[in-house]
Amino acid sequence: MLLDIPKEALSTHAVTDYANVGPSEVTCRNSPTGHTSVPQPAKSNPMSIWRAIMKKPRTAVRSCHQKQASGHEGREKQVLSSSQVKPSTPDGTMPKFPEAPAGLARRQKEVVLRDPVSPYHLFRDTAEVTVFRENLLSWYDREKRDLPWRRRAEGEVDPDRRAYAVWVSEVMLQQTQVATVIDYYTRWMQKWPTLQDLASASLEEVNQLWAGLGYYSRGRRLQEGAQKVVEELGGHVPHTAETLQKLLPGVGRYTAGAIASIAFGQATGVVDGNVVRVLCRVRAIGADSGSTFVSQQLWSLAQQLVDPARPGDFNQAAMELGATVCTPQHPRCSQCPVQSMCRAHQRVEREQLVASQSLPGSPDVEECAPSTGQCQLCAPPTEPWDQTLGVANFPRKASRRPPREECSATCVLEQPRALGGARILLVQRPKSGLLAGLWEFPSVTAEPSGQCQREALLRELQSWAGPLPATHLQHLGQVAHTFSHIKLTYQVYGLALEGQIPVTITSPGARWLTREEFHTAAVSTAMKKVFRVYEGQRPGTCKSSKRSQVSAPSTQRKPSPGQQVLDSFFRPHHPTDVSSLNSMAQ
């Protein structure tokens, strides 16, 4: 007989170890019904069972398997104490197992885990959960923002078109503010109102519309998902969070839950950055929200809270609360519909009472009081309470690695006298990696010191456009742009082919575009910054706006009216006419 202690039984927080587990808890792998309890030690070899148990390390265990007693329907959870099993005797003989109480052998037995989480961080009963749902949904019905994806989802009868509308919005809203997404979403749905329309579009069109929204792989994966639905799933979007996450590229746990709950009414919780903040404050969770353990607890809380009657509305309400009221800084606690249930707010009140010393002793406010050790959901002792932050002590801000710094030299190559108007050269990036498939000015990786930048950049330009006059390559300034994990500094060069024979033949992967075409092309925000520097340095053009003056020295502030009077008093007077003033201004 092979003993099988399941993996999920192992835990450092159990109250019972292997040496304390009686023979009726040992499970048998070769049983015809799988993991079943061995009912009586007399029906097998007790010594072999005992030796196998004693060979196991004395580590804490938890058994989540259900033990079935043949012919009996009743089930019961019991905690086993060390008195139920005697240790081996000095002479090595088999100890006698205590007889089970009447009827115990016919009932289910289970090793119970002492919960490592204090009840302080949990919702304890159905009544508390019900009040939370009702308060949040009532607030949402009154205060929710009028957003285009909500209107479209609420008014759409076809479930697949409704799911598509939600899908697009959720992907766009990842790491992007609502105000930015509204215009992109509106243009996207006008251009591709159905999954079939998006599936038939080209990647170039998708990148072009997505340009400036950031995290460009999102658009590509969204189209790949639409193509899979149309080509492999008969045009029907999967209805559950599990199948959405399993079948659709780029759809993770959060996006799958949002689509399933909003579009199809599945009672599944979601956890995004806003929900993390709300839950961490409502239940005073100060541990690192990015850790696996805390993340699992947050998902469990979200699943417990979601309203089965209105799952989509509830999930949107939780996110809306985090976005508009329970904000990262300066939360508006007085407007929070669940303030009375918020442990973070209670903590603030307690700290204020203690600080004011208005009451003798400690105020009667509930605290986390784990029975043993450090609570895994509380902030570590090394991070004390900051009175100035209030509820913003939660959630704990995860330490982030600073983005690595890289440098690139890039050049705006222009043909001012090209046929049909001035044109600039763009080349396409590789199909994978950072900014995959987007268009950019010819660029080379460069050292921050700038050694050999010009030579390397000139060779890159000539590989695309043929022989070029090296003396005309001018350094114009620099711009910095931070991606999710990279801070990239561009050394900006310009080269205008004045008097040159227009270049009409280009290599594959290169294009000559007009300025109007550039502004509508699939180019990144970083390249638009580069082009603004070039435009600001062109002879005969006005300096670009403050937003474009990335590398230019800052201009002096206009003096106040009082300062102007003083300056005019002490400055020698020189008569000038209007024309001279105009020339000076230019």
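In the predicted model, Ser443 is buried, because its relative accessible area of 17% falls under the 20% cut-off. This residue belongs to strand β8, which spans residues 443-445. Two polar contacts of the Ser443 side chain were computed. One joins the side chain of Ser443 to the side chain of Thr410 at 2.9 Å. In the other, a polar atom of the Ser443 side chain lies 2.8 Å from the backbone oxygen of Phe441. When neighbours within four places in sequence are set aside, the residues in contact with Ser443 are Ser408, Ala409, Thr410, Leu457 and Glu460.

Leu435 has a positive phi, near 55°, and is located in the loop between β6 (423-428) and β7 (439-440). With a relative accessibility of 8%, Leu435 counts as buried, since this value is under 20%. Tyr215 also has a positive phi, of about 45°. The loop that holds Tyr215 runs between α7 (203-210) and α8 (217-232). In contrast to Leu435, which is buried, Tyr215 is partly exposed, because its relative accessible area of 39% lies between the limits of 20% and 50%.

A cis peptide bond links Phe394 to Pro395, with omega near -10°. Pro395 is placed in the loop between α14 (343-356) and β5 (404-415).

The axes of helix α4 (residues 159-172) and helix α10 (residues 253-264) come within 9 Å of each other and cross at roughly 140°. The pair is therefore classed as oblique, as an angle has to be over 145 degrees to count as roughly antiparallel. The crossing of α4 and α10 is right-handed. On the α4 side, the contact is formed by Pro159, Arg162, Ala163, Val166, Trp167 and Glu170. These residues meet Tyr254, Thr255, Ala258, Ile259, Ile262, Ala263 and Phe264 of α10. Sorted by class, the contact comprises ten nonpolar residues, one polar residue and two charged residues.

At the level of the whole protein chain, 19 helices and eleven strands were assigned. The chain has 586 residues, of which 43% count as buried. Of the contacts between residues at least 6 apart in sequence, 69% join residues at least 24 apart.

Key:
Residues are numbered from 1 along each chain as its sequence is written. This is a predicted model: local features need pLDDT of at least 70, side-chain atom pairs count only at pLDDT 80 or more; totals for chains, interfaces and linings use all residues. Side-chain values use heavy atoms; hydrogens and water are left out. Helices (H or I, at least four residues) and strands (E, at least two) are DSSP runs, numbered from the N terminus. Buried means under 20% relative accessible area, exposed over 50%, partly exposed in between (1.4 Å probe, protein chains only). A polar contact is a pair of N or O atoms within 3.5 Å; within protein, one must be able to donate a hydrogen and the other to accept it, and residues adjacent in sequence count only if both atoms are side-chain atoms. Contact means heavy atoms within 4.5 Å. Axes are lines fitted to C-alpha atoms, for helices over the stretch in contact, and angles run from 0 to 180 degrees between N-to-C directions. Angles under 35 degrees count as roughly parallel, over 145 as roughly antiparallel, 65 to 115 as roughly perpendicular and the rest as oblique. A crossing is left-handed if the near helix is turned anticlockwise from the far one by less than a right angle, and right-handed if clockwise. Ala, Val, Leu, Ile, Met, Phe, Trp, Tyr, Cys and Pro count as nonpolar, Asp, Glu, Lys and Arg as charged, and the others, Gly among them, as polar.
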